[in-house]
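Please read the points below alongside the sequence and the model.

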Amino acid sequence: MSIGFGSDKTLASLARVLEGIDLPADWIGIRGVRESITRRMMRDGHPEDNMRSLDQGAMVEVLAHGQFGYAATNRLTPEALRAAAVAAYQQAVAASALRLHSFSVEARPPVVGQYYSPQQQPLDGLSPAELCELLSKICRELKVSEQIMQTNATAIANQTESWFVSSNGSEVYQQLALLETHFSATAQSGSVVQTRTNNGYLAHSYQGGWELFPQAALWEQIDRVAHQALELLTAEECPTETSTLVLAPDQMMLQIHESVGHPLELDRILGDERNYAGGSFVKPTDFGQLAYGSPLMNITFDPTVAGEFASYAYDDTGAPATRQHLIRQGRLERGLGSLESQARLGVEGVACARASSWNRPAIDRMANINLEPGETSLADLIGSIERGVFMETNRSWSIDDQRYKFQFGCEYGHLIENGELTRPVRNPNYRATTPDFWHSLVQVGDRNTWEMYGTPYCGKGEPNQVIRVGHAAPVCAFENVEVFGGAQ
């Protein structure tokens, strides 16, 4: 008999399977996942990708001889789950001879709890026809000129449930409602081609329902994106100079992700990720010591923010997730690492062991990594700058595998002259090294400038795992940064 995922008895059913597993293991856990996705994409008002999918299965994790073993199955029967447990146990025993650390059940604390995404209008509340018509209308509204050569609109709704039980008494149910939206306009004049998006590809990724998308401000944003794409056709190139750089929150998202989030992942520092994603310039002895940036820099790991894309109550190993400072007043306090990585490295981490699906083991991942707001209004921040460049929305990025030297390009920029935003500039780019850049942080915007974004495309691990992360930040100003224009 198959175990019915989605009923109010799923946790009890998995617990009964667990009781029937007879293995000399120190600990056994079962994590069941069911993920339902609806994706609609339009280009120039024509359907490009219409898809619905349902994926479900379970991962069985076993601790034996100080080593974890894993086995997954999409056959949701007691017999298949017991067979997976046997395979995971055999893997743990075989691997224990080569283990790097001997783990105990302290790496899997017993927990009982639930988590639900905030949601007002259910993600199945729009029919396929209604959603396609909305996206088609967005494409039509973006076409404000014959110079708009291409328009795009996308909406992806994801409903994910997970059930976690363990031999030491854990019972956790989490239900995520995830909405990712995007639209863009590409304009052309001769050889000049410029694209403007609503804050980056799928940057509007949040937890919630349809109340997040077809709202009154949507049509104002569409008009702004279309006209800024046209504006860039005649804008001058970004100047090449060392200047004060002001970044909007939609570019701060990637700045935080690449130059703070990834360098602080403990598995990169341990070397686990070096083969695929790279290492980190951060050393184990830096925790508690390193002045990562200016005293204005306060970075938190915060999976408790309502509606942010990677909020949750427990990670995929059952560790309770709480708000923690990673960097406080510029000083590095802790890293992004699971209980296993914390034990191996001997430093503090957070509840961030996450898996991309039921068929992957949990590894060290970012969740919501946010820059906390300061006290400076946007008007005061801009008004204090004699010469600078204000950049919005990431367009390209390049950073070395130690997360040290980087170069980022943005979609849209404005010169700042004598305390005012003046002429728009196209192809704005900047480059620096991570420590120098964060030490050059001189102004942090207040709560009114703080905005929240996310992305479903953080890749890592072998076999690869693409996972969702959230980032929020205020407008920030950095002194003496190399800015430059680029080729068309």
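**Notes on the model**

1. Sorted by class, the residues that line the largest cavity comprise ten nonpolar, seven polar and seven charged, where Ala, Val, Leu, Ile, Met, Phe, Trp, Tyr, Cys and Pro count as nonpolar, Asp, Glu, Lys and Arg as charged, and the others, Gly among them, as polar. This is a predicted model, in which local features need pLDDT of at least 70 and side-chain atom pairs count only at pLDDT 80 or more, while totals for chains, interfaces and linings use all residues. Residues are numbered from 1 along each chain as its sequence is written, and side-chain values use heavy atoms, with hydrogens and water left out.

2. The volume of the largest cavity is about 350 Å³, and its lining is made up of 24 residues, of which Thr 160, Leu 176, Asp 316, Ala 355 and Arg 468 lie nearest its centre. Two or more lining residues come from each of E1, strand E5 (148-166), E6 and strand E23 (465-473); helices (H or I, at least four residues) and strands (E, at least two) are DSSP runs, numbered from the N terminus. The structure holds three cavities of 30 Å³ or more. On a 1 Å grid over the protein atoms alone, a cavity is a set of points where a 1.4 Å probe fits but cannot get out, whereas a pocket is an open set with protein on both sides within 12 Å along at least five of seven lines, and lining residues have an atom within 4 Å of a point. Grid points are joined across faces, edges and corners, and a volume is the space filled by probe spheres set on the points.

3. Turning to the open sites, the largest pocket has about 710 Å³ of volume, and of its 29 lining residues Tyr 70, Asp 272, Arg 344, Ala 362 and Ile 363 are the closest to its centre. Strand E3 (67-73), helix H7 (339-345) and strand E15 (363-364) are the elements that give two or more residues to this lining, which divides into eleven nonpolar, seven polar and eleven charged residues.

4. How many salt bridges does the structure hold? There are 26, a salt bridge being a side-chain nitrogen of Lys or Arg within 4 Å of a carboxyl oxygen of Asp or Glu. One of them joins the side chains of Arg 387 and Glu 241 at 3.0 Å, N to O; Arg 387 belongs to strand E17 (residues 387-399) and Glu 241 to strand E10 (residues 241-247), so the pair ties together parts that are 146 residues apart in sequence. Arg 387 is partly exposed, at 34% relative accessible area (buried means under 20%, exposed over 50%, and partly exposed in between, with a 1.4 Å probe and protein chains only).

5. Asp 267 and Lys 460 form another salt bridge, at 2.9 Å, N to O, which links helix H6 (residues 266-270) with strand E22 (residues 451-460) across 193 residues. The salt bridge between Arg 423 and Glu 417 has an N to O distance of 2.7 Å, and here Arg 423 is partly exposed at 39% relative accessibility, as is Glu 417 at 21%. Glu 236, Glu 241, Arg 387, Glu 417 and Arg 423 are linked in a network of salt bridges.

6. In soluble globular proteins, nonpolar side chains tend to be buried together. The largest nonpolar core here has 55 residues, of which Tyr 430 and Trp 438 touch the most other members, and apart from it lies another core of 28 residues, among them Ile 148, Ile 222, Val 225 and Leu 230. A nonpolar core is a set of buried Ala, Val, Leu, Ile, Met, Phe, Trp, Tyr and Cys residues joined through side-chain atoms within 4.5 Å.

7. Two single residues may be checked by eye. Leu 23, in the loop between helix H1 (10-19) and strand E1 (27-43), is buried at 19% relative accessible area and touches Ile 28, Ala 85, Val 86 and Tyr 89, not counting residues up to four places away in sequence, where contact means heavy atoms within 4.5 Å. Thr 181, in strand E6, is buried at 5% and, with neighbours within four places in sequence left aside, is in contact with Thr 154, Ala 155, Leu 202, Ala 203, His 204 and Phe 213.
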